[in-house]
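Hi,

Here is the structure I promised to pass on. My notes on what turned up are below it.

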Amino acid sequence: MTAMIVLGIETSCDETAAAIVTDAREIRADVVLSQLDDHTPYGGVVPEIAARAHLEHLDGLIRRALEESGLGLGDIDAVAATGGPGLIGGVIVGVMTAKAIAAARGLPFVAVNHLEGHALTARLTDDVPFPYLLLLVSGGHCQLLVVEGVGRYRRLGTTIDDAVGEAFDKTAKLLGLGYPGGPLLEKAAAQATNPGRFDLPRPMVGRPGCDFSFSGLKTAVRRHVEELGGPLSVEDRADLAAAFQNTVAEVMADRCARAMRQFKDLHPQGGALVVAGGVAANKALRARLQRLADREGMPFVAPPLRLCTDNAAMIAWAGIERLRLGQTDPLDFAPRPRWPLDPTAKPAIGKAGVGSGVKA
Ligand code: KG4
Ligand code: ZN
């Protein structure tokens with residue numbers, strides 16, 4: 001049997017991406033164009049600029065993905081695009097493009113939940129069997145989920161305030177490290193000469209449940225910055241970055257340890273701990289989770305760094321998983337700015353309003 005070949009499209013935030021993936025778990029092409037330079041002057045993603053940039057670049061990226069894979073549109077069996085959640089202008093660009101290709105070529109179309117793309121990446125890279133425990137950590141989300149199958153997610157915990165990527169970005173800004181914060185903060189932390197110099201609170205550690213909180217941590221960093229006064233030295237920056245990063249890793253490990261217990265109650269036969277989303281690119285966090293998983297006797301799976309941050313290979317793959325189950329979407333599918341993985345999950349206690357929710 002010849003492999004099923006799927007074109008994936010991702011446009012939900014500030015990365016325009018196209019990829020070609022087969023159901024034999026082969027990434028034939030994976031191109032990502034970061035809009036970093038477009039947004040850096042504003043210190044964050046500007047939705048209108050993002051949508052315009054997606055529109056400008058997406059066709060060229062799809063062409064490049066086809067060239068890199070050595071395939072033509074005639075070889076593609078289906079088109080999958082992020083259908084939400086995310087910045088709606090960008091999502092519309094990706095969905096309209098995917099629908100146009102599907103309609104013109106008579107191909108099935110799949111609208112993929114961006115979070116499901118992150119959630120299923122470990123099955124593309126490592127063929128991880130269901131069920132598994134997923135720590136989904138990105139710019140817009142911080143959740144612990146039991147992944148029981150495609151479309152079958154049970155949320156064990158979420159953040160009651162900031163998403164963890166958001167906390168990295170805001171803290172990096174506070175330290176004058178610039179944007180995007182996560183990778184720059186990690187780089188600064190690596191230069192720390194005295195990572196134990198600053199004591200930071202560990203929000204939620206030891207508390208029942210699996211929810212997260214990060215706003216107190218960010219405030220504590222701000223207080224240290226104010227106490228230091230004047231411009232921060234390179235050492236101050238590095239030590240504060242290391243303190244923040246290590247504290248986040250400790251908080252994550254504590255919450256994951258609790259979630260592991262709940263996971264084992266639900267699935268005594270066991271399963272892996274999987275990490276996904278942009279923050280999963282953080283090496284200190286990966287190392288801390290690896291230690292925890294070793295202690296708990298659970299396999300630990302972290303996708304390669306470039307498949308942790310936003311990309312279209314994960315969207316093509318999630319499309320393949322859905323197509324295998326015979327699931328496709330009609331061409332009148334409406335993009336969804338909000339789209340929870342577990343619609344039955346109640347909002348976390350203390351969550352103010354609807355949260356940022358623009359990034360996933
Ligand atoms: O999944 P993602 O690429 O985009 C969405 O939010 O959907 O995640 C982006 C987030 C940003 O907040 C970024 O600062 C964070 O992931 N991030 C990192 C690292 N690389 C990206 N955070 C910590 N350490 C990193 N190395
Ligand atoms: Zn994402």
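**What I found**

In the largest nonpolar core, which has 52 residues, Leu133, Val137, Phe214 and Met252 touch the most other members. A core here is a set of buried Ala, Val, Leu, Ile, Met, Phe, Trp, Tyr and Cys residues joined through side-chain atoms within 4.5 Å, with buried meaning under 20% relative accessible area (1.4 Å probe, protein chains only). The largest share of this core, 14 residues, is supplied by α8 (helices are DSSP runs of H or I, at least four residues, and strands are runs of E, at least two, numbered from the N terminus). There's also a second, separate core of 36 residues, with Ala17, Val110, Val147 and Val301 among them.

Before you read on: this is a predicted model, so local features need pLDDT of at least 70 and side-chain atom pairs pLDDT 80 or more, while totals for chains, interfaces and linings use all residues. Residues count from 1 along each chain as its sequence is written, chains are lettered from A and ligands numbered from 1 in the order written, and side-chain values use heavy atoms, without hydrogens or water.

Now for histidine 267, which sits in the loop between α8 (234–266) and β9 (273–276). Histidine 267 is buried, at 12% relative accessible area. Its side chain makes a 2.8 Å polar contact with that of glutamate 148 (a pair of N or O atoms within 3.5 Å, one able to donate a hydrogen and the other to accept it; residues adjacent in sequence count only if both atoms are side-chain atoms). Not counting residues up to four places away in sequence, histidine 267 touches Pro131, Val146 and Glu148 (heavy atoms within 4.5 Å).

Cheers

Note on methods: Buried means under 20% relative accessible area, exposed over 50%, partly exposed in between (1.4 Å probe, protein chains only).
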